[in-house]
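This report concerns the salt bridges of one protein model. Please consult the sequence and the structure shown here before reading on.

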Amino acid sequence: ANPETKELVFYHVIGDRPPNPGMAFPWTQGIAGTVFVTGEPIVIKDAKEDQRHLGEIDQITGFHTQDMIAIPLKRWEGDPIGVLEVMNKRNGRLDQDDVGILTIIGAFTALSIEQARLFQEAKLAEVVRILGNIGHDVKNMLMPVLCGTSLLKDEINEVFADLPNLDPQKGRASHEMCLEVIEMVANNAKRIQ
């Protein structure tokens, strides 16, 4: 189930003529949609006779669904995350005995999907933590630069104020250039911070 688009998406498909992975339909449609919404497994003896059956999927794939079982895949707290469907039993028809076996398979499948999702979230959380630490370290390294430029500016202003006026033009130009360099260093450090 894709909660953002409210669709059931074919992710893992096996068989003679499987739908393409990524193919999707609204999670309120079809037999799979009914199972997803209700959270209850369904055994269908003849899919063509069931009005919930999405015949267009059979048309797209060239597959002919006869009998089928759809099992909800649920998180341990009970929220649905998808649907497992099995179709066209080779010998005989799918029945309640098959539901028991598929329920166990579905529980393991849902557990595996949930563990993979939690692992991805943990990896993302770790990346965010590391980036936060790097950002904090960079800010700590820039703080002395910012403080130093402020102190240097005050010091240069004091030194130039006490200089004898030998060549006022040259002194002013040198003073302005020093202030400009200090301002440039401070502005770049602030931008990085």
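The text below treats the salt bridges and the solvent accessibility of the residues that form them.

The model is a predicted one. In it, the count of salt bridges comes to eight.

| Salt bridge | N to O distance |
|---|---|
| Asp-98 and Lys-89 | 3.0 Å |
| Glu-121 and Arg-117 | 2.3 Å |
| Glu-126 and Arg-129 | 2.5 Å |

**Pairs within helix H3**

Helix H3 spans residues 96–162 and holds both Glu-121 and Arg-117, which stand four residues apart, about one turn of the helix. Glu-121 has a relative accessible area of 44% and is therefore partly exposed; Arg-117, at 30%, is likewise partly exposed. Glu-126 and Arg-129 also lie in helix H3, with a spacing of three residues, about one turn of the helix. Glu-126 is partly exposed because its relative accessible area is 34%, and Arg-129 is partly exposed at 44%.

Is Asp-98 buried or exposed? Its relative accessibility is 14%, so Asp-98 counts as buried, the cut-off for that class being under 20%. Its partner in the salt bridge, Lys-89, has a relative accessibility of 31% and so counts as partly exposed.

**A network**

Salt bridges also link Arg-75, Glu-114, Arg-117 and Glu-121 in a network.

How values were computed. Residues are numbered from 1 along each chain as its sequence is written. This is a predicted model: local features need pLDDT of at least 70, side-chain atom pairs count only at pLDDT 80 or more; totals for chains, interfaces and linings use all residues. Side-chain values use heavy atoms; hydrogens and water are left out. A salt bridge is a side-chain nitrogen of Lys or Arg within 4 Å of a carboxyl oxygen of Asp or Glu. Buried means under 20% relative accessible area, exposed over 50%, partly exposed in between (1.4 Å probe, protein chains only). Helices (H or I, at least four residues) and strands (E, at least two) are DSSP runs, numbered from the N terminus.
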